Amino acid sequence: MSKPKQKTTEKFTSKSVGVLKVDEKDATLVMAHMYVAFIALLLGGTAGLLQVLVRSGLFELPAPLGYYQILTVHGVLLGLILTTFFIMGFQIAAVSRTSGALSDNQRTFSWIGFWVMTIGTIMAATMVLLNDASVLYTFYAPLQAHWIYYLGLALVIAGSWIDSLGHCLRWELWRKEHPNQTTPLISFMAVCNSLLWFVATLGVAIEVIFQLIPWSLGLVDRVNVLLSRTFFWYFGHALVYFWLLPAYMVWYCVIPKIIGGKIFSDGLARLAFIMFVLFSIPVGVHHQLTEPGIAGSWKYLQVVLTMMVVIPSMITAFSMFATFEMRGRELGAKGLFGWLKKLPWGDARFFAPFIGMVAFVPGGAGGIINASYQMNQVVHNTIWVTGHFHLTVATTVILTFFGAAYWLIPHVTGRTFTKQLNSLGIIQTICWAIGMLIMSGAMHFEGLLGAPRRSTFSDYGGAEIAKTWASYQVAEAIGGTFLFIGIIIFLYIFVKLCWFAPKGEQEFPIAEVAPQAERTPPILENFKVWIVVLVALILIAYTFPIYDIVQNSPLGSKGFKLW
């Protein structure tokens, strides 16, 4: 008896009639975000290539450029600008697709936010190019940038608040239009991520507006460094989940549709997102375990809260592999892992996010090490942390974004993701996976040997200890070259999908919930309850540490303990 052939719910050049689409006006707004995001990818990726070549000693920058200048370009453009613009555009598309087109007023909010973000990006980028803001991207005093740089990034944050307001209001309107109904899952997830982002960015906004800008303007002669770092890391760890949750949206809601399956559990997915919102913010002190001035008891509390994030991550892993197995069994898979053979490995829209999922396994394990009270001492401030960062954000998140772009861009531009472009997408994913395996792997081993992050071979003047890291730094350069090639391939696909691919109709794939799934408890959508819990956790985790920092800090010359 022949085995049933694998089926997918759509073809690369779908001509199906009646496909639910993102509204045309919303599509224009989405593409505006994508243009900025992928210009940032090109410039930031180029800076990243130069960075690893300089670290390895294989290349010297021309005189006008400095290593820490291109490091700042790389970090800001890829870590902040690419991700924020893509996420905002993606969430607008997701809400428009599932909850309905934004109203004119809601769309106006998003356009205003987009332009505020763009102006802020130009301001910050100008200062970096003038070498007046080579301060990495962590807002770490005593490194000081020009006040225009800080104001520019403050506008990026404020603009993102306004931008996200549009699709959050559309979700709320859907609830009023459909009383006593469960809201569309991906729209709910977008609102969760926007809530997380707003609450998290309050910390860095306070640091920038009330500390760094007055300091850079000369209004105060110094800042409370420990306090500024605490405000930053209140934001800095939640930033990782702001990047990660849109990838989870794709995993939960889109991937099941692409493989022809269904969402394993709507309620379990919502529970995971609520837990991410609750436990990704009051945990930033675990990045400050080696810093004096914060009592060990409060560090320990935040380490415990950090480990709570493992739970929704495991829920997500369980849900996704349950979805894969259910679909595999439908297609006749036998044995414990027979379902793996039934997955659509030739579809770049699935293949890229799946490789991102695989990368999150060692990435998550490395995160547990980073957050552990004892093991953190071994790797703290070494390039191990940079390697971990590239596994989680630059592999798990970015590969998922690439996979999403392969259906999102043609959907909103009226083009088709052809078989030729799909083949290039597979090649791009393999190139990225090889490059990151080499580069991130080298960074991890180098970090275990004690190599500090944000440094070059020349910083040590050829000292003997630096020679033990040299071969790993060459490996970084090789891996970085593969990654840059991957960026060029992706941008070629992006340009084709914007203007040159055949015109047609590409589905925005959204899966249905499995019929056997349990009914979603209404309390999971009651944000009033969860916001109260979130505020309580933040107050418990941060009130006394910040009070101690302020009370135990010496008075500044102008008498303000905040500075």
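A salt bridge is a side-chain nitrogen of Lys or Arg within 4 Å of a carboxyl oxygen of Asp or Glu. In the predicted model examined here, the count by this rule comes to 14 salt bridges. One of them joins the side chains of Glu 177 and Arg 170, with a separation of 3.6 Å from N to O. Glu 177 is partly exposed, its relative accessible area being 42%, whereas Arg 170 is buried at 7%.

Arg 270 takes part in two of the pairings described here. With Asp 266, its closest N and O atoms are 2.5 Å apart. Both residues belong to helix H7 (residues 266–279), and because they are four residues apart, about one helical turn separates them. In general, an α-helix has 3.6 residues a turn, so residues three or four places apart point the same way. Both partners are buried: the relative accessibility is 1% for Arg 270 and 7% for Asp 266. Arg 270 also forms a salt bridge with Glu 525, in which the closest N and O atoms lie 2.7 Å apart. Glu 525 is in the loop between H15 and helix H16 (527–551), while Arg 270 is in helix H7, so this pair ties together parts that are 255 residues apart in sequence. Glu 525 is likewise buried, with a relative accessible area of 6%.

Helix H5 comprises 32 residues (185–216) and should span 46 Å at 1.5 Å a residue; the C-alpha atoms at its ends are 44 Å apart, which agrees. A kink of about 35° in H5 is centred on Val 208. Of the 32 residues in H5, 27 are buried, leaving the helix mostly covered. Just after H5, Gly 218 adopts a positive phi of about 85°.

The structure holds zero disulfides. A disulfide requires two cysteine sulfur atoms within 2.5 Å, so the sulfur of Cys 253, which is 11 Å from the closest cysteine sulfur, in Cys 192, is too far away for a bond. Cys 253 is buried at 1% relative accessible area, and Cys 498 is also buried, at 6%.

Tyr 35, located in helix H1, is partly exposed, with a relative accessible area of 32%.

Methods
Residues numbered from 1 in each chain as written. Predicted model: local features only at pLDDT ≥ 70, side-chain atom pairs only at ≥ 80, totals over all residues. Heavy atoms only, no water. Helix = DSSP H or I, 4+ residues; strand = E, 2+ residues; numbered from the N terminus. Expected span 1.5 Å × (residues − 1). Bend = angle between axes of the 7 residues up to and from the residue. Buried < 20%, exposed > 50% of the residue type's maximum accessible area, 1.4 Å probe, protein only.
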